[in-house]
Structures are given as structure tokens and as C-alpha cells.
2 protein chains.
Amino acid sequence: MENIKSYVQQHKDRFINELIELLKIPSVSADTAYSQDVIDTAEAVKESLSKAGCDFVETCDTPGYPIIYGEKIIDPNLPTVLVYGHYDVQPPDPLELWTSPPFEPVIKTTEIHPEGAIFARGACDDKGQMYMHVKALEYMVQNNVLPCNVKFMIEGEEEVGSASLAWFVERNQEKLKNDVILISDTGMISNQQPSITTGLRGLSYVEVEVTGPNRDLHSGLYGGAVANPINILAKMIAALHDEDNHITIPGFYDKVQELSLEERAEMAKAPFSLEKYKKALNLNDVYGEKGYVTNERNSIRPTLDVNGIWGGYTGEGAKTVIASKAFAKISMRLVPGQDWEEITELFTKHFTNIAPAGVTVKVTPHHGGQGYVTPIDSIGYQAANKAYTETFGVPAIPVRSGGSIPIVALFEKELKSKTILMGFGLDSDAIHSPNEHFGIFNYLKGIETIPLFYKYFVELSK
Amino acid sequence: MENIKSYVQQHKDRFINELIELLKIPSVSADTAYSQDVIDTAEAVKESLSKAGCDFVETCDTPGYPIIYGEKIIDPNLPTVLVYGHYDVQPPDPLELWTSPPFEPVIKTTEIHPEGAIFARGACDDKGQMYMHVKALEYMVQNNVLPCNVKFMIEGEEEVGSASLAWFVERNQEKLKNDVILISDTGMISNQQPSITTGLRGLSYVEVEVTGPNRDLHSGLYGGAVANPINILAKMIAALHDEDNHITIPGFYDKVQELSLEERAEMAKAPFSLEKYKKALNLNDVYGEKGYVTNERNSIRPTLDVNGIWGGYTGEGAKTVIASKAFAKISMRLVPGQDWEEITELFTKHFTNIAPAGVTVKVTPHHGGQGYVTPIDSIGYQAANKAYTETFGVPAIPVRSGGSIPIVALFEKELKSKTILMGFGLDSDAIHSPNEHFGIFNYLKGIETIPLFYKYFVELSK
């Protein structure tokens with residue numbers, strides 16, 4: 001596989017341009033205003049899989065957005081790699097904070113990306129990382145070095161909870177049969193230090209609505225005499241953490257798998273500078289659960305964050321109103337041991353219980369997923385580590401991530417196979433934020449590393 | 001003044017149509033998108049004063065929206081009534097809760113208004129109530145019964161704090177010289193029971209901004225490790241009240257004028273049904289400061305309400321983001337004794353103090369005004385009471401209101417005269433809310449009652 005580097009060098013402009021075309025389509029799954037764009041993106045992905053060398057591709061209808069399935073089966077007796085990715089993206093707002101429009105990709109250099117990075121919504125999460133696999137397939141097919149079978153399953157609802165994917169996987173276990181699942185939807189420590197994500201947090205995402213009076217009221221005539229839904233919502237949100245920033249929902253921590261002191265000591269060895277972390281975010285201090293350090297708070301500990309809040313008058317100037325309703329979107333990141341459906345129930349019960357008389361509360365679960373921990377002694381992990389070691393010159397470090405890919409636990413349950421998370425993004429890539437970008441270095445390095453995973457996975461499987 | 005009833009009956013269709021035309025102009029002072037409409041409304045008011053019989057009218061430029069001044073001086077030795085009102089209106093949102101468009105007035109009957117009510121933003125607050133005075137002048141001039149001099153001062157920034165009015169009044173004390181100020185911008189108990197507002201609450205309105213990380217973050221990768229500005233804002237808002245719903249800002253209550261038990265007993269005699277109150281708002285319970293009843297909480301006690309809150313993702317679906325910033329609009333209703341500028345300072349200091357490390361806080365004062373209590377033994381009050389008694393058949397009840405007309409205290413200070421608050425609206429008229437309306441009965445009754453105030457004021461002044 002000597003010529004992968006030269007193949008990438010030779011075709012890199014085309015690789016970049018193809019990704020840029022894909023990034024131009026605003027496939028925001030959370031907002032129905034973009035539904036045609038989401039569908040158009042699915043079709044573009046389908047076409048790219050055909051062109052890259054899949055023998056069979058299809059648009060699989062689901063209750064939601066379609067799943068693109070593709071495969072190249074070279075020998076039923078050889079192992080099968082199932083590649084998962086998603087073609088939908090996060091909403092781009094707040095738009096005013098983007099330095100270039102989110103769906104007009106441009107290449108700009110940054111301190112971390114001197115070779116340039118593509119700035120666009122979805123550049124890293126996950127169009128760029130998903131497309132690395134398409135281009136890696138192209139290389140293997142064109143050069144006749146694909147060592148095993150490959151299947152692709154690219155969905156369009158990852159950013160809104162993958163409900164249709166779960167539906168699809170449950171109904172297509174035979175079609176999706178595989179020996180290992182490969183996903184690039186996570187990050188690595190730095191461009192000099194690759195890492196493999198071995199743990200993901202689960203997620204429970206809910207929306208809450210607090211209703212007070214049956215109409216908006218004048219705050220002078222009614223202020224002080226009725227429960228103000230915004231004040232009450234603030235009070236209820238505040239009550240979800242105690243003074244040590246522990247979450248107060250009864251039973252919330254009951255099933256949390258605590259790490260041993262040895263495991264925590266091992267984690268503490270990963271390179272990390274609190275000063276740099278604070279500086280990068282312009283924070284005068286970090287903030288979180290007492291008894292844990294930053295890298296534990298964002299990976300091995302469950303959390304509760306308000307992702308959005310709104311109510312009352314939010315326009316220019318002043319309006320003296322008591323709103324009839326106030327709303328919040330709240331998500332909890334969960335760790336192995338916690339069941340997201342149980343946690344959603346505990347939240348709902350608790351949040352309803354703490355509402356004072358004078359308001360009514362409605363909790364609507366959005367979606368969720370289980371946490372996940374992968375062993376580092378599997379063939380898949382070893383193959384990934386060898387691939388990284390070859391292209392980066394140093395072995396990958398196993399890392400527990402704070403993010404969630406809710407379907408990884410589902411894959412294990414339904415398809416009985418392990419997932420390897422080969423991420424090529426960086427924390428600084430601003431995924432889910434304005435000015436999301438993906439380094440040209442990272443994109444090309446991914447395309448270069450992935451075929452080596454196939455090679456070593458087949459070798460180690462023998 | 002026997003013929004006022006017949007004059008109103010004869011001209012009522014025109015009176016209603018003229019008001020409807022005025023209500024069609026969306027004079028929202030809080031939103032600069034409407035600035036031309038605000039100016040157009042000012043001109044319409046000016047024209048209406050000319051037509052009604054003012055000898056002199058002018059558009060007075062200010063640092064903000066113009067003030068319309070008009071006068072009819074019949075004899076410098078006679079008393080002068082200064083009528084104040086405002087031609088600007090509250091923002092109409094949330095638009096989806098209006099049953100007819102806010103700036104397309106329609107007449108509908110309601111349980112309380114069997115004769116019909118005009119539904120439109122500003123119908124009651126304050127275009128309808130202000131325009132009663134214009135039509136009352138028309139009657140008095142047309143029938144040659146104006147018993148004294150009259151001046152009009154109609155402003156366009158009442159809903160955003162009357163900053164330009166204060167500027168104007170300070171500079172025009174001679175021009176505005178008067179013996180009594182007459183305002184219809186409050187309510188009365190019911191269409192069977194008139195009342196005169198003898199107290200108003202003051203106001204301090206601020207906007208707060210809580211900033212955490214310098215950009216929106218992925219809640220999986222950063223959740224639990226940094227202060228989430230929305231959670232922190234909720235916590236800070238929650239901390240502004242204690243468990244008895246007292247406000248926790250140090251010094252907040254220091255200058256509050258407490259009412260005696262006798263005064264509170266007197267207040268308790270006003271007709272009030274808690275059951276009807278709760279039913280009208282569809283509340284299972286009221287909520288407020290411990291130790292006080294509903295009609296005290298909304299009139300003689302200071303309050304703190306969040307009027308708007310926003311931050312993070314508020315669109316459809318889910319976004320797992322930690323917002324960089326969260327915002328709220330907060331207003332405090334103040335009572336006599338409290339100085340709004342001092343309270344604004346106390347709030348700012350306290351709110352900044354309670355911010356934890358990991359966030360920064362900015363407090364921007366919007367506007368404010370002092371509370372006010374008027375004596376019931378003045379000539380103005382007696383004249384108003386006699387007028388109400390004549391048209392309603394029962395005397396008016398003095399009532400302390402929870403609302404604020406910030407400039408009433410200013411008038412007393414700068415113009416050395418008392419204000420009489422002859423309100424003809426009802427609490428159920430939904431001012432500042434969707435479906436604001438003003439009863440045809442109330443509008444015409446106002447036009448009928450106002451000339452009697454002039455008559456008795458001049459008689460009692462002799």
C-alpha cells in the first residue's frame with residue numbers, strides 16, 4: 001500500500017472539491033425547512049458511493065430521512081467492514097457569528113491548520129469524516145487493494161437522535177451483517193498525536209414547557225401576584241444541581257459505573273493543559289462537579305446542560321410582560337451503566353414534582369442513546385492502532401469522549417459487533433458551533449489511514 | 001351638560017371609526033422597524049387635535065420620537081388642565097396568539113363587553129383612552145361648554161420609558177404650566193364600578209447578559225466541564241428570590257413605605273374574588289410574597305419579574321450546544337419610597353456579585369421611573385369622583401395599581417401639579433398581551449365623563 005500517499009497527493013484537489021460540493025447542500029435535519037436539502041444530500045452520497053466503486057447502492061426509505069446503503073462484496077468468506085456515517089448537519093445558527101456563510105465553504109488557514117481548513121457546517125461533523133471513507137474505498141477499488149467486503153450505511157438523522165436508523169437496523173440485521181463497524185465521527189488529541197475513542201457518553205434530550213397564566217400578562221398589573229413561568233423555569237433549572245454541581249434528580253447516579261482510582265490515574269496521563277484550555281475558551285475558570293477534574297467531568301461523569309431557553313419578550317427594547325409560557329431544551333450526557341430511557345423517566349418525574357402550584361409542566365422527550373465503552377484488546381482496535389502508527393509515526397492513545405453517538409450501543413445489541421471510532425477531527429474544529437471547519441491535513445490523513453485499517457484488520461483476522 | 005349623552009350617541013360611529021383608523025398604524029416604539037409608523041401616528045394625533053378644536057398644535061422634536069403639543073387657551077385667568085397620553089404601543093408578539101391581526105382592528109362582543117369591543121394593539125393602552133380626551137374636547141368646543149384652558153401633551157415613547165418626555169418636560173415648564181394633569185392610561189374595577197388610581201408602582205427595567213466560553217460549544221465534548229451560561233443565568237435568576245418569595249437584593253426593601261394595618265384593612269374592602277381571579281387566568285393557585293394577599297402583592301409590594309429570556313438553540317428539534325451567551329430582560333416594580341435609579345444600582349451590583357467564576361456578566365439598564373401616591377382630598381380627585389358618580393350612578397373607589405406610568409412622579413417634581421388618573425380600561429382588556437381590546441361602552445363612557453371632570457374641576461377651583 002505504498003502508493004496511497006501518492007494517490008492522495010495526485011487527487012487531493014478533486015477530493016477537496018468533491019467535499020466542498022457536498023458541504024454546499026444545507027442538510028439540517030432538525031429544521032423541516034431544509035427537508036428537500038437533506039434528501040438531495042442523501043442522493044449525492046448515493047451517487048458518490050456508486051462512483052467510488054460500490055457494486056450495489058440503494059436509497060432505503062424509513063419513517064424519516066432515507067438511509068443510503070452501499071456495498072462491495074468481493075468474497076463472502078472474507079471479513080466485512082460496515083462503515084457508518086451521517087450526511088445531516090447541525091443547524092448553523094447563530095448565523096451572525098460565522099465569518100463566512102455556513103453553506104458556502106471556503107478554505108482558510110489557522111494556527112492549528114497551516115495547510116488550510118475547510119470552513120462550513122458539517123465540514124468535520126460528519127460530511128468530511130464520512131467522505132474520507134468514500135475516497136478510501138475509491139483508492140482501494142481503483143488500485144485493486146480492497147482486502148475484504150465493505151458495506152456503507154449513511155444516515156440523515158444523527159443530529160436529531162437517529163430514530164429511523166434504529167428502526168432500520170432492527171429490520172435489516174442480515175443485510176448489515178459485519179465483522180467490525182468503522183466510524184469517523186469523533187476527534188483525536190492533535191495532528192501530532194492520534195487517539196482512538198474508546199468510550200462515549202449516552203444522551204437523554206428533552207424539551208420542557210412551563211405554563212403559568214393562560215395568556216401573557218402586564219407585569220405591572222399582575223407582577224408579584226402570579227407565578228411567572230420564566231422565573232419558575234429558572235428556579236427549577238437551578239434546582240437540578242446542588243452547590244457541588246451534583247445533579248439532584250433522585251436515582252440519577254444509582255447505576256453510574258465509577259472508575260477505579262487506577263483508571264483515573266491512567267486517564268490523568270493524557271496530555272492536557274488547563275491553562276491552554278481556559279485560554280482557548282477565554283474563561284477565567286472552569287466549572288463543574290466537585291471531586292473531578294476537567295477531563296473527567298467531560299468524559300466519565302454524567303452531566304445536565306440547558307441547550308436552549310426561551311420565553312417572553314426577546315426583541316429589541318423593553319416589554320413589561322409576564323409570559324404565559326417558558327421553554328427549555330435540556331440534555332443529559334450519560335455514562336456506561338445509565339439507561340437513557342430510565343434517566344428520561346427519572347428526569348420527567350422529578351421535574352414535574354418540583355413544579356410549584358401556579359404552573360403546569362410538560363416534559364417532551366426528544367431522543368436519547370446509551371453510553372458505550374469499547375475494549376482496547378479487540379482486533380479492530382489493534383488494526384486501527386497499527387494504521388495510525390504507520391501514518392502518524394506514533395501509536396494512538398485510547399480516550400474516553402464526552403460526546404455521544406447514540407447508535408453505537410444499538411449496533412452492539414442488534415448487530416453483535418464492535419465499533420471502532422477512528423476520528424480525525426480536533427476539539428478546536430468548532431463542530432456544532434459557528435465556523436465549523438475540518439483541516440485539509442486531517443481530511444487527507446484520514447483517507448490515507450483508512451485503507452491501512454482494512455489491511456491490518458484482515459491480516460489480524462486470519 | 002345635558003346634551004353630552006346625545007352628542008355621543010349621534011357621533012358614536014364616527015368616534016369609533018376615527019379610533020380604528022388610528023389603531024391601524026403600528027406605532028411600536030420598542031422596535032426601530034416601525035419608526036416611520038410611530039412618526040405617522042404622531043402626525044395623525046396632531047391633525048386630530050387641530051380638528052377637535054385646539055387653537056395651536058405643534059410637533060415638538062425630541063432626542064427620540066416627537067411629542068405632540070396642542071392647546072386651547074380661552075382665558076389666562078381660568079384654570080388649565082394638561083392632558084397627557086401616549087400614541088405608541090407595545091410590540092404585538094406573540095402574533096400567533098392573536099385571533100385577528102393586531103393592526104387590523106375589528107369589533108367583537110365578549111362576555112364583559114356585550115356592546116362590543118375594539119380588538120387591536122393599543123385599543124386600550126393608550127390610543128383608545130387618549131382619543132377619548134380628543135373627542136371630549138371636540139364636544140366641549142362644538143357645544144361651547146369648555147369651562148377652562150386645556151393643553152395636550154401626547155408622547156410616543158411611553159412603552160419604552162419616556163426618556164424624551166422627561167427631557168421635554170424639564171425644558172418646557174412654562175409652556176406646560178397647569179393646575180391639574182389628567183391621564184387616562186389605567187383601569188377601573190368594572191363597568192359597573194368605576195375607580196380612580198391613587199397609587200402607581202415605579203419601575204426599573206434592565207437587560208442582563210451572561211457570557212461563558214467565547215463560542216458555542218458541543219455539549220458532549222464540553223458538557224460538565226465549563227460553566228453553561230444558560231444554567232448559570234437560571235441559577236442567578238433563581239437566587240433573586242428566597243423561599244418566601246422575598247427579593248434577595250441587599251438593601252432592596254430598605255426604603256419601602258410599609259402600609260399600616262388600617263390601610264391594608266381598607267384595601268381589603270375592595271371587591272375581589274380569588275376564585276374568579278384564578279379562573280380567569282386558568283391558574284390552580286396564585287403565587288407570591290409570603291405575608292401578603294394577591295391585591296397587596298400586585299400593588300403595594302415591590303416585585304421582580306423576568307420579562308424575557310433567551311439563549312442557545314431555540315429552533316425546531318434538538319441541538320446539543322452549550323451557548324456562549326444567555327440573556328434576560330428583568331423588570332422590578334417599585335413602590336413609593338424606592339428610588340428607581342438606586343434600585344437599578346443595587347440590582348446591578350448584586351447580580352454581578354453573585355456570578356460564579358467561569359462567566360462574566362453585563363447589566364444594561366433600560367429605563368425606569370418612580371412610584372407615586374396621590375391624595376384623595378385634592379380638588380382634582382373630587383372633581384373626577386363627581387364626574388364618575390354622575391355618569392356611572394355610583395362613586396369611584398380609590399385603588400392602588402401595580403402598573404407604572406413613570407412620568408407621573410416626574411410631573412409632580414417638574415410641573416408641581418397633581419395627576420388624576422381617570423382610567424376607563426378593564427384588567428381583562430389584555431393590554432400588553434395578544435387580543436388587546438377596549439370596550440365600546442368604556443370608550444363612549446369615557447368621552448361622556450371627561451367633560452364633567454372639567455366642569456367640576458372649574459367649579460371646585462372657584
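**Entry 1: the model.** I am working from a predicted model.

**Entry 2: a hairpin in chain B.** I looked up strand E1 of chain B, residues 56–60, and strand E2 of chain B, residues 67–72. The two run antiparallel and are joined by five bridges. E1(B) and E2(B) make a hairpin, with six residues between them. For one facing pair I noted B:Thr59, which stands opposite B:Ile68 in E2(B).

**Entry 3: a sheet in chain B.** I then turned to an open sheet of three strands, in the order E4-E5-E18 (chain B), and found the pairing to be antiparallel. Which strands stand at the edges? They are E4 (106–108) and E18 (437–439) of chain B; each has a single partner strand, so one side of each has no neighbour in the sheet. On average, neighbouring strands of this sheet are turned by 30° against each other, direction ignored.

I checked one pairing further. Strand E5 of chain B, residues 117–119, pairs with E18(B) over three bridges, in the antiparallel sense. Here B:Phe119 stands opposite B:His437 in E18(B).

**Entry 4: the helix on that sheet.** Which helix packs on the sheet? I found helix H13 of chain B, residues 440–461, touching E4, E5 and E18 of chain B. The direction of H13 makes about 60° with that of E18(B).

**Entry 5: an annotation in chain A.** I looked up residues 199–357 of chain A, where UniProt, in an unreviewed entry, places the feature "domain: Peptidase M20 dimerisation". I noted that the span is 30% helix and 23% strand, and that its end C-alpha atoms lie 42 Å apart.

Definitions and conventions: Residues numbered from 1 in each chain as written. Chains lettered and ligands numbered in written order. Predicted model: local features only at pLDDT ≥ 70, side-chain atom pairs only at ≥ 80, totals over all residues. Heavy atoms only, no water. Pairing = 2+ DSSP bridges. Helix = DSSP H or I, 4+ residues; strand = E, 2+ residues; numbered from the N terminus. Axes fitted to C-alpha atoms, helices over the stretch in contact; angles between N-to-C directions. Contact = heavy atoms within 4.5 Å. UniProt positions renumbered as here; feature names shortened; annotations may be inferred.
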